[in-house]
Amino acid sequence: QVQLVESGGGSVQAGGSLRISCAVFGYIGSPNCMGWFRQAPGKEREGVAAINTPGRSTYYADSAKGRFTISTDNAKNTVWLQMDSLKPEDTAIYYCAAKRAHTCDIYWYDRVRYLYWGQGTQVTVSS
């Protein structure tokens, strides 16, 4: 049984930084694709970033490029999302997700392709 557990969310002022984590329990399969998604009130859940494991190729939404960094340490079964230069529009619940896949591919942002999901962690950015 696979379980994804997010942590590290919180409140920060605009321009600040946060690092959120996703701990993976159980065996997803290898290779696989790990993604971060977010959902703001009244909006659809959207892909933020994804990473292949192993290999570590990364993928980012335009809104995240240059500000967010996704990384993983396979030995610790953990995926992180470092978020810098945060903006109020980054406020959302952030979800970790995983799917068995040779690569994240061009559809890395498509939430329906992900099999496993965490419960989410709230990130609030104030102006």
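Mentor: Let us begin with burial: a residue is called buried when its relative accessible area is under 20%, exposed when it is over 50%, and partly exposed in between, using a 1.4 Å probe and protein chains only. This is a predicted model, in which local features need pLDDT of at least 70 and side-chain atom pairs count only at pLDDT 80 or more, while totals for chains, interfaces and linings use all residues. Residues are numbered from 1 along each chain as its sequence is written, and side-chain values use heavy atoms, with hydrogens and water left out.

Trainee: Is asparagine 52 buried or exposed?

Mentor: Asparagine 52 counts as buried, because its relative accessibility is 6%. Asparagine 52 belongs to strand E5, where a strand (E) is a DSSP run of at least two residues, numbered from the N terminus.

Trainee: With which side chains does the side chain of asparagine 52 make a polar contact?

Mentor: A polar contact is a pair of N or O atoms within 3.5 Å; within protein, one must be able to donate a hydrogen and the other to accept it, and residues adjacent in sequence count only if both atoms are side-chain atoms. Here the side chain of asparagine 52 makes one with the side chain of tyrosine 59 at 3.3 Å, and another with the side chain of threonine 103 at 3.2 Å.

Trainee: Where is tyrosine 109 found?

Mentor: Tyrosine 109 lies in the loop between E9 and strand E10 (116-117), and it counts as partly exposed because its relative accessibility is 44%.

How values were computed: Helix = DSSP H or I, 4+ residues; strand = E, 2+ residues; numbered from the N terminus.
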